[in-house]
Amino acid sequence: AVIGLCLMSAAPVMAQNAASDLRPKYLLTGAIDRENDDLSGQWTYSKDLYRTGLTDINGWVAKSRMQRYRDLDVAAEEAKGGATFFEFDMDRGPQMSIPGAWNAAEPELRYYDGLIWFQRKFTPKALSGKRAFLRFEAVNYRAYIYLNGKEIGRHEGGFTPFVFEVTDALKAGENRLTVGVDSKHDGKTIPTEITDWDLYGGITRPVRLIYTPQTFVDDATATLTTQGRITGSVQLNGANAAGQAVTFAVAGAGIKVSATTDATGYAAFDVKAPKGLKLWSPESPTLYDVTFSAAGDTLKDRMGFRTIAVKGEQILLNGKPIFLRGISLHEEEFGTNPARRITPQAARALLSEIKYGLHGNYVRLSHYPHSEVTVRLADEMGLLVWSEIPVYWTVDWENPEALAKVKHMQAETIYRDRNRASVILWSVGNETPISEPRTKFHNAMADNARALDPTRLISAALLVERKTIDGHVVIAIDDPLVDKLDVMAVNTYAGWYGDDKLDALPDMRWTAPQKKPIVLSEFGADALAGYHAVGEPKKFSEEYQAEYYRKTLEMADKIPGLQGMSPWILKDFQSPRREHPIYQNGWNRKGLLSETGEHKLAFEVLADYYVRKAADTA
Ligand code: GCB
């Protein structure tokens, strides 16, 4: 049976939960700590550029020779002889290492943009009364999931997790899991087909078969409020979800609180935070072992407790003003042939450059939700996080389906990451040209984020206007979306795009429509590592990039209300739009590090600035 778009399957009504209609049917929060079979490893694959495995013309494809998802031993069929005829064989196909984008797997797949079928066989553990779920951490962009020839579900959106129950679809012994992955983006996808990064395709994050008891803790959360209380909730799933005693405990903090679930399996709790609770901060990222227990099941997590708020032009972490010393980051590991394969080691290598190399305390995870591994590591290492939905440049603003997709992406992201102390900002967009439908769209996103999570700050990376007033260059933030934001974030490229001289930057004046904190969500300049130009700085040289940073930082120091920055970007990244044959060759070169991690001159300029900033604000 076709279950339909997972995105569209609403959960049962839970009156207590403000955004309940967006809650995915299953969340399996904390899934990585549950009993599971990791389905990473070698999968076979078959390219299907014309989508013949999916097309169904008048039903005749039902007997098609091209349906890769059929539960079929093609070699055995052929051995029988006779008229049997197939034009695929998933068992004898080429292999690819999963997770990982296909673009790096084979040279011929570098710019492949379409459908590829993947298959992996596995033998599950004996269920003996348990339930089983397939959880995909991310498939880019559309996923069609089949188990033993039967459709289990579909999902759209390349960066968020999704779960399907397969308790009844599994069989004893060997099972055949087939996943069609369609990377094609168009005017209606999120993001659309035009971006400034490699869109990549494939099963880019881990796939796990997760086992739970019949009734289990599907989702749970706890947060420290600015009133000094710890509030949270637990959602059970299963036949015995109602009327269960629930316990939330924080080991070593003296917190243990109980509640009872209502008819929908939901329970909320609220307790005074104990005096001795150690707060999480970048300088001291204390994490506690927490448990949410009910009906014989326990959801475990490691969580930090902190508050985040805005007061006038300041951002307050645990009640104290903080300056965000950050950098932007794409999800791409180091190397000349990245596959967006973020392992704990790859994430640590990237975040260490920010924390220890740049002396940063903050990272903008652009332009889409990054891997769970990265966000958990930010918690552990002590880096504040800006989290983003790929509503980038242009979107089909007047299309209600686009907004529905985006809202589901927000829900999938927020439910996944709301227990991470590191995450302080939900962004609702990047550089979207101002128009009425666009502002309406973003306003709806901001309302949605607030309904899903009233405890964090909302921002968006805005475009600025460059004006000349009385002979002075004025950079103006003038965007009606600001009304909905806690933090005004702006991208500025004066001195790179356009003809402004670097010496002019420090004299540019900034104006903002309201007294709210400002962060520079981007500024940057391309430099090819190893290209040095003496004399007058030349664009694309390391010297130009370093000088651009010096002058932009001088300008930044004069921006009233500036509370942080995340320059563009830590590392050079693949971008098919960047085709300068000498300096780019398919890479956006605005990294402070080359793709292999060589430090460019500007890296030290920013690191020195952050050392000074850290001393000033200590
Ligand atoms: C931007 C975009 C970012 C680009 C960058 C650039 O404003 O937000 O995605 O990569 O500029 O390099 O131009």
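**Close-up views of a predicted model**

**View 1. Leu317 stands opposite Lys320 in β20.** This is a predicted model, in which local features need pLDDT of at least 70 and side-chain atom pairs count only at pLDDT 80 or more, while totals for chains, interfaces and linings use all residues. Residues are numbered from 1 along each chain as its sequence is written, and side-chain values use heavy atoms, with hydrogens and water left out. Strand β19 (residues 314–317) is joined to β20 by 2 bridges and runs antiparallel to it; strands are DSSP runs of E of at least two residues and helices runs of H or I of at least four, numbered from the N terminus, and two strands pair if DSSP finds at least two bridges between them. The open sheet has 3 strands in the order β18-β19-β20, with antiparallel pairing. Because β18 (308–311) and β20 (320–321) each have a single partner strand, these edge strands are left without a neighbour in the sheet on one side.

**View 2. Glu436 lies in helix α5 (residues 436–452).** The residue Glu436 is exposed, with a relative accessible area of 71% (buried means under 20%, exposed over 50% and partly exposed in between, with a 1.4 Å probe and protein chains only). Thr226 is 210 residues from Glu436 along the chain, and their C-alpha atoms are separated by 35 Å.

**View 3. Residues lining the largest cavity include Met303, Phe305 and Arg456.** Strand β11 (residues 216–224) gives the largest share of this lining, 3 residues. Domain 2 (216–295) and domain 3 (310–617), with bounds from an automatic or database domain assignment, both contribute lining residues, so the largest cavity lies between them.

How values were computed
On a 1 Å grid over the protein atoms alone, a cavity is a set of points where a 1.4 Å probe fits but cannot get out, and a pocket is an open set with protein on both sides within 12 Å along at least five of seven lines; lining residues have an atom within 4 Å of a point.
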